[in-house]
Amino acid sequence: MRPLIVFVALAFLTACNRDRDPDAYGTFEAEEVVVSAQTTGQLITFTPVEGAQLPRGAIVAIVDTTQLSLERQQVVAQRQATGSRGNEVAQQIRVLEIQRTVARRNYDRIRRLFSEKAATAQQLDQAERDYRVLGAQIDALRAQQQSVAREVSSGEARVAQIAERVDKSRIENPERGTVLATFVHAGELVQPGQPLYRIANLDTLTLRAYVSETQLHSLKLGGQVEVRIDAGDGNTSALPGTVTWISSKAEFTPTPIQTRDERADLVYAIKVRVPNSRGVLKIGMPADVTLRSGESRA
């Protein structure tokens, strides 16, 4: 007789525990990423389809780069012409340096002859002028050489910028997930910053719920809770959840949100990560949260 009484008591306690009111209510959301265009041009290809799974790094769209290719050819040609001009300046400098070496020797010889009264002051002035003019010409060419070098560097930077824009014309999917919405079609003209599609990883969803102040002491980051969703035919399905965020500020209870204590005017938002390997959870789906052992019943 005693085993029957114990069985009935356990069944009663289990039923009471199952039928008790949840500690919090909320809805599921996902960390969505909006992928945008990074350059201007016509979409040659665009493969994302709503509901499709995309791997990380997949090329999902290509923007026409014809204009960029023409611009790059022009910049490369200008850089080559500038580089040729720089080589010519370098050759001129070498020639003038040879002439200045000869002029220096002649200037030293005339000064020696002048000190021995074997040369005139006019000859000395002419020799010095020849030497110093060549030096000034070399200095001017060296300044020109530096200017040409800067132009070459500027051209290389422009080529690198164009190459980067060409790379950005190949749009990679930033993370593995499911395409939630698309905003463009192949053939359309896109601009930098224009949204192309929205994607989210649905393997794990986040349940945003609200708790009262009296329930805060039973929650901690990394703590486990029980999440229940509607399984149909009046049944519920229990899933494990992990608390990943607890708001540090109270807020007035949002209008569409329910709380266990309807008298609570101020509530704290929490986020619970729930695995969704079977894909039963959907964005916007409501769910109940039951705190584990040690929770405070408000």
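Let's start at Thr82, which is found in helix H2, residues 66-115. Helices here are DSSP runs of type H or I with at least four residues, strands are E runs with at least two, and both are numbered from the N terminus. What you see is a predicted model, in which local features need pLDDT of at least 70, side-chain atom pairs count only at pLDDT 80 or more, and totals for chains, interfaces and linings use all residues. Residues are numbered from 1 along each chain as its sequence is written, and side-chain values use heavy atoms, with hydrogens and water left out.

Now follow H2 along its length. The helix has 50 residues and reaches 73 Å from its first C-alpha to its last, close to the 74 Å expected at 1.5 Å a residue; that expected span is 1.5 Å times one less than the number of residues. After H2 comes Lys117, with a positive phi near 60 degrees.

Is Thr82 buried or exposed? Thr82 counts as buried, at 11% relative accessibility. Buried means under 20% relative accessible area, exposed over 50%, and partly exposed in between (1.4 Å probe, protein chains only). Other buried residues of H2 include Val75, Gly86 and Ile93. The buried residues of H2 pack against helix H3 (121-168). Leaving aside neighbours within four places in sequence, Thr82 is in contact with Val148, Glu151 and Val152, where contact means heavy atoms within 4.5 Å.

Finally, visit Ala250, in the loop between strand E12 (235-246) and strand E13 (251-252). Ala250 is partly exposed, with a relative accessible area of 35%. Beyond its neighbours within four places in sequence, Ala250 is in contact with Leu266, Val267 and Tyr268.
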